[in-house]
Amino acid sequence: MESSLKQKLFVCLLKGVVQADFVFFDPKPDDFHGVKILLQTYLDDTQWDLSGFVDLILAQTTVGTVVKIEGDDDDTPFAIVTALNLGRYKDHKCIKELKEFLLKVCQEKDVIRDLRLLMGEQAHDVGLLVSQRVVNLPPQLLPPLHDALFDEVSWATEDEPTAELRNSFRFKCYLLVSKIYKHKNANQKNNRNLIRRSGSDGGDGIVYIKPEDENFHKLSLWSFSFPMHTQQVETQEANYCLMGFVMAVETAKISTFRQQLQSLVVES
Amino acid sequence: MATRLMFENSCEVGVFSKLTNAFCLVAIGGSESFYSTFEAELADVIPVVKTSIGGNRIIGRLCVGNKNGLLLPHTTTDQELQHLRNSLPDQVVVQRIEERLSALGNCIACNDHVALAHTDLDRETEEIIADVLGVEVFRQTIAGNILVGSYCSFSNRGGLVHPHTSIEDLDELSTLLQVPLVAGTVNRGSEVIGAGLTVNDWTAFCGSDTTATELSVIESVFKLREAQPNAIVDEMRKSLIDSYV
């Protein structure tokens, strides 16, 4: 009897609206476990120095934001966003492994040359934009979150103590590693009719897990997708499969992106 | 000695494996290196068996066992049950139980003599544990947490418990379990001891995030440095042969 009362109470709570105040923090060492969980599938199921990668992100306190809930005893990160200079950190094991991974999964010949260049010779001008969050993070947070990131990058170019550090934030280009759902028939031109879903994928056969990725994609220099082994828990449509998605976005396009992001949230 | 390893990118070794003095279970589907690390340490001494439970890989959290038996949740399929019965030594009684709290590994922690159980466990389950695993069962909490299997891990030689366990609780538990206990962490400050490591009387496996300090505490409290696996297993074999006669 007691357990059925508990169940009824639980259902009531589910139907109600939960008020949550989100707060943005600088990354700190205590966030290690929470951020690591958010980045668990960053490079699919590859075994790599994920702990080292998380340490790198948390050590960079001038640029990077961790989103938490006000007054949460658990102090759990709900989202992490940061930009890491690929040249500055090129000697770290995690960055080497990340580069190896991306070069391995890139199946498109035209793109792989650009990718190699971006991660090699041009690495000191490239920022790896890391943005991971819990699935249900309210989209209203996205504009301030991205504003925080790009503002911090620009402040760092003035405030960092050494010229070397200041220059390390003068990114010419951002590299993003993300995930999308691609319709299984998306590459077959004769199946155009099948692809037209209920408007949720905008006709190109792609469902963007992170809404801002669509904007990034449209503004990107180039992009490529690759098959993943890890399956997201909710595969609502059997015709879509989870794929990794890599994009390069020039810094010059960022202000357009920021404007578009404002209107994206207003619409929803 | 304690070994550090990862399951895919997770350091929660105690989630994907279950180690006892008589056998070791390892989740299927991880990379071969996970399985082969266990094999390398244990193959000569006890069987290492790959399995799933109810189609799940989180086997360490779903089952509980010791040298006398293995208890499985009601979600275990018939094929899995048969596979385990076939693969484990005959003296290990494999039983599937009807308990509402099906994550047995989270609710129960045990060694070969004593078990700590979740306070809401069925009376019937408690009897089965005592019977199949050959242990004395105590309903306890650990630092206020009812999931005793998650927040502590103990062998016949020592135990590690949640870092916020008070001194009084530590003493009380130590008296109940008759082994020395230490409050500590695994995997770089994680309090979920049961998920982060798996241990028996001569060896332990923990996540690769475990710091050198944590590792040295583990090796010390579980007395792994002087441990001789063959001696321990021979002792067990002798007592088993006695009981047959």
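Reply: Start with one term: contact means heavy atoms within 4.5 Å. Keep in mind that this is a predicted model.

Me: What is Tyr42(A) in contact with, leaving aside its neighbours within four places in sequence?

Reply: Its partners include Trp48(A), Phe53(A), Leu98(A), Leu128(A) and Leu129(A). Val130(A), Gln132(A), Val177(A) and Lys179(A) are also among them. Tyr42(A) also belongs to the largest nonpolar core, which has 46 residues. Tyr42(A), Phe53(A), Leu128(A) and Leu175(A) have the most contacts inside that core. A second, separate core has 36 residues, including Val13(B), Cys24(B), Leu84(B) and Val94(B).

Me: What makes helix α3 of chain A mostly covered?

Reply: Count its residues. Helix α3 spans residues 50–59 of chain A, and 8 of its 10 residues are buried. Among them are Leu50(A), Phe53(A), Val54(A) and Ile57(A). Ser51(A) and Gly52(A) are buried too.

Me: Which elements do the buried residues of α3(A) pack against?

Reply: They pack against α2 (32–38), β3 (79–85), α4 (93–105) and β4 (126–133) of chain A.

Me: Why is Thr51(B) called buried?

Reply: Thr51(B) has a relative accessible area of 3%. Buried means under 20%, so Thr51(B) qualifies. Thr51(B) sits in strand β4 (residues 48–51) of chain B. Not counting residues up to four places away in sequence, Thr51(B) touches Leu25(B), Val26(B), Ala27(B), Ile28(B), Ile59(B), His83(B) and Leu84(B).

Me: How do you know that Lys28(A) and Asp75(A) meet in a salt bridge?

Reply: Check the distance. Their side chains are 3.7 Å apart, N to O. The limit is 4 Å, so the pair counts. The pair links distant parts of the chain, 47 residues apart. Lys28(A) is in the loop between β1 (22–25) and α2 of chain A, and Asp75(A) is in the loop between β2 (65–69) and β3 of chain A. Lys28(A), Asp31(A), Lys68(A) and Asp75(A) are linked in a network of salt bridges. Over all chains, the structure holds 20 salt bridges.

Me: Why are Lys28(A) and Asp75(A) called partly exposed?

Reply: Lys28(A) has a relative accessible area of 31%. For Asp75(A) the value is 34%.

Me: Are Glu219(B) and Arg225(B) each buried or partly exposed?

Reply: Glu219(B) is at 9%, so Glu219(B) is buried. Arg225(B) is at 47%, so Arg225(B) is partly exposed. Their side chains meet in a salt bridge at 3.4 Å, N to O.

Me: Why does the pair Arg188(B) and Asp55(A) join two chains?

Reply: Arg188(B) lies in the loop between β13 (181–183) and α8 (193–196) of chain B, while Asp55(A) lies in helix α3 of chain A, so the pair joins two chains. The salt bridge is 2.5 Å, N to O. Arg188(B) counts as partly exposed at 29% relative accessibility. So does Asp55(A), at 30%.

Me: How many salt bridges does the rule find across the interface of chain B and chain A?

Reply: The rule finds 2. Asp209(B) and Lys36(A) also meet in a salt bridge, at 2.6 Å, N to O. Across the interface there are 8 residue pairs in polar contact.

Me: What is the area buried between chain B and chain A?

Reply: It is about 900 Å², and carbon and sulfur atoms give 32% of that. The contact takes 11 residues from chain B and 12 residues from chain A. In chain B, Asn9(B), Arg188(B) and Asp209(B) lose the most area to chain A, together 63% of what that side buries.

Me: What makes strand β7 of chain A largely enclosed?

Reply: Of the 6 residues in β7 (residues 222–227), 5 are buried, so the rest of the structure largely encloses this strand.

Me: How do you know that β7(A) and β8 of chain A pair?

Reply: Count the bridges. There are 6, in the antiparallel sense. Pairing asks for at least two, so these strands pair. Pro227(A) stands opposite Met243(A) in β8(A).

Methods: Residues are numbered from 1 along each chain as its sequence is written. Chains are lettered from A and ligands numbered from 1 in the order in which they are written. This is a predicted model: local features need pLDDT of at least 70, side-chain atom pairs count only at pLDDT 80 or more; totals for chains, interfaces and linings use all residues. Side-chain values use heavy atoms; hydrogens and water are left out. A nonpolar core is a set of buried Ala, Val, Leu, Ile, Met, Phe, Trp, Tyr and Cys residues joined through side-chain atoms within 4.5 Å. Buried means under 20% relative accessible area, exposed over 50%, partly exposed in between (1.4 Å probe, protein chains only). Helices (H or I, at least four residues) and strands (E, at least two) are DSSP runs, numbered from the N terminus. Buried area is the accessible area (1.4 Å probe) that two parts lose on being put together, summed over both. A polar contact is a pair of N or O atoms within 3.5 Å; within protein, one must be able to donate a hydrogen and the other to accept it, and residues adjacent in sequence count only if both atoms are side-chain atoms.
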